[in-house]
Amino acid sequence: MGTYLNPNNENFRSFVATGTYVDKTMLVDVLNQKNLNVPEFKFVCVSRPRRFGKSIAEDMLSAYYSKGADSKELFAPYKLSKTEHFEKHLNKYNVLKIDLNAMYSKWRSLSPADREGQSFMGYVAKLLCADFAEYFSDVKFPDELSVADFIQSVYAQKKETFIIIIDEYDVLVREQVPQEEFSVYLAFLNSLFKNRELLPAISLAYITGILPIIKDKIQSKLNTFHEYTMLDASPLAEFVGFTADEVQSLCEKYQCSFEECKSWYDGYQLDNYEIYNPQAVYNAMISKKFKSYWTATSSYTVVADKICMNFSGTKDDVISMLGGGRIRVNVEKYENTIDAFYDKDDVFTYLIHLGYLAYDEKEGECYIPNREILNEWQKAIKNNEDYFETDKIISASRELLEATLAGDEKSVAAALDKSHYHVTSNLSYNNEKSLQSAIYLAYIYALNNYVITKEMPAGKGFADIVYIPFDKTKAALIIELKHNKSTETALNQIKEKKYSECLANWHGDILFVGVNYDEKTKHHECQIEKFYKD
């Protein structure tokens, strides 16, 4: 067993031992059936944001396939052990597992003397080939340190194939290394994945990165790969993060509020799955605290830098998304790089891949997925002069919620005037979605204490916006919006269509909030009534 060649299963075993592992072993079954040893599909590239479980998945794959491990007992409690092909492929392959980001960090930390004048890829080749020479002591290898040649030698002399696992294949793109060094990396990829003589020696290649395959830099070297991204992850969608059922089970196990967890970490939509950020959910369960864990490994400056590019329409769309809106986006033309942006579609697509936006493939729309990510967006606009008014509205949101709970109708109407004008400053005042976005933005502080649902099925219709507090001693809110009508009409609709029935399990105060926007005066009116539900 080596560090990189045929590793043992200790990494996966250690994580499983924490008792927090969510069973994602059926990823292996999908690969066994659809990809393993199938020439057209055995090259797999999975891209997803940081903290979405890439490393754990790779540790699991290595533990299952590696000849350097004995993992039957380790997988016994999980779904994979009950499948038809479980034992057929268990610990039957030579696995070459490479964490390029870790290796690059280690190489950069070396002194010039320790590097011995070697380039990074020379350093990688030296480490990997040393593992080969030790593990396959009975194989005659060429003098040149070439990973591809060493794999070919093993296959030619022993007829043994390999599974190649590469984590963060895109690290050299993100680090923007000199072109000379990058060219050596391209040659490395080409030797592994474009070499026809080597193809029979590879049973599966599974590579991961934050960005999808870079179109203008390395696409030609990886065009044999099938990609699974934050835009389209089928059939691997349920393995990208935690599903709603998995999170609900975790919340029951750790006695945490599922609704609060949902508001914090849900919102990524892949195929028919609601996907949660796994690392954030894991941290919340262990610490018993719902908060933003995003900044532990990332930074809101990524968002700030991109929205400062000020492509046409970006500001209006950002404000709309802050207000809970969804924006049409063309994700097809983006080159998947960190430095080639030509319009707002490129910016939004990049932020989808990084997890700062979610994507609805069916509707072709992007949006801010949850409260954790909304916090990052709020930080991003904090010192941006283009979003000064937006930040003021967000900062005043707490006072607006307090005014609503106190029944201060005039203060509520005045606050909604400001928010609606700001959100719709470059849009039609007749746009009902922009009115709803203005309300959502104005009440954005309520996310700290309430589950918020738009167009909630209720009684004989749909309530425009419903706020249900985590603290059951506080009042729930049902807000009905009207345009060129009256607040009385709004309140009567709440009562006549029995919108309070949407709160089937609610016992306590409910505030009926009727809001009317007058197109001629461009002002709002507000009327609030309190109702008690037994």
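The points below take up helices, strands, a pocket and some individual residues in turn.

1. Basis of the note. The structure under review is a predicted model. Residue numbers count from 1 along each chain as its sequence is written.

2. Helix 8. This helix covers residues 120-135, and its 16 residues should span 22 Å at 1.5 Å a residue. The end C-alpha atoms of helix 8 lie 23 Å apart, which agrees with that expectation. Its buried residues are Phe120, Met121, Tyr123, Val124, Ala125, Leu128, Cys129, Asp131 and Phe132. These buried residues pack against two strands, strand 2 (94-99) and strand 3 (162-167). They also pack against helix 6 (100-109), helix 9 (147-158), helix 10 (171-174) and helix 11 (179-193).

3. Helix 9. Helix 9 is followed by Lys159, which has a positive phi near 60 degrees.

4. Strand 4 and its partners. Is strand 4 largely enclosed or open? Eight of the eight residues of strand 4 (residues 202-209) are buried, so the strand is largely enclosed by the rest of the structure. Strand 1 (residues 43-47) runs parallel to strand 4 and is joined to it by five bridges; within this pairing, Val44 has Tyr206 as its bridge partner.

5. Strands in the order 12-13-14-15-16 form an open sheet with mixed pairing. Strand 12 (450-458) and strand 16 (523-533) are the edge strands, each pairing on one side only. On average, neighbouring strands of this sheet are turned by 25 degrees against each other, direction ignored. Strand 15 (residues 508-518) and strand 16 run antiparallel and are joined by 11 bridges. Asp518 stands opposite His523 of strand 16.

6. Helix 21 on the sheet. Helix 21 (residues 397-405) lies across strand 12, strand 14 (476-483), strand 15 and strand 16. Relative to strand 15, helix 21 runs at about 110 degrees.

7. Ile452. This residue is found in strand 12. Leaving aside residues up to four places away in sequence, Ile452 touches Tyr440, Ala446, Leu447, Ile465, Val466 and Tyr467. Ile452 and Met26 are separated by 426 residues in sequence and by 34 Å in space, C-alpha to C-alpha.

8. The largest pocket. The space in the largest pocket amounts to about 1,400 Å³. Of the 48 residues lining it, those closest to its centre are Gly324, Gly325, Arg326, Tyr440 and Lys454. Which element supplies the largest share of the lining of the largest pocket? Helix 23 (residues 432-442) does, with seven residues.

9. Most residues other than glycine have a negative phi, and most peptide bonds are trans.

   - The peptide bond from Ser234 to Pro235 is cis, with omega near 0 degrees. Pro235 is located in the loop between strand 5 (226-228) and strand 6 (242-243).

   - Asn91 has a positive phi, near 55 degrees, and lies in the loop between helix 5 (86-89) and strand 2. Asn91 counts as buried because its relative accessibility is 14%, and the cut-off for buried is under 20%.

   - Gln255 also has a positive phi, near 55 degrees, and is found in the loop between helix 13 (244-254) and helix 14 (258-265). Gln255 is exposed, with a relative accessible area of 73%; the cut-off for exposed is over 50%.

10. Summary. Asn91 is buried, whereas Gln255 is exposed.

Technical notes
This is a predicted model: local features need pLDDT of at least 70, side-chain atom pairs count only at pLDDT 80 or more; totals for chains, interfaces and linings use all residues. Side-chain values use heavy atoms; hydrogens and water are left out. Helices (H or I, at least four residues) and strands (E, at least two) are DSSP runs, numbered from the N terminus. The expected span of a helix is 1.5 Å times one less than its number of residues. Buried means under 20% relative accessible area, exposed over 50%, partly exposed in between (1.4 Å probe, protein chains only). Contact means heavy atoms within 4.5 Å. Two strands pair if DSSP finds at least two bridges between them. Axes are lines fitted to C-alpha atoms, for helices over the stretch in contact, and angles run from 0 to 180 degrees between N-to-C directions. On a 1 Å grid over the protein atoms alone, a cavity is a set of points where a 1.4 Å probe fits but cannot get out, and a pocket is an open set with protein on both sides within 12 Å along at least five of seven lines; lining residues have an atom within 4 Å of a point. Grid points are joined across faces, edges and corners, and a volume is the space filled by probe spheres set on the points.
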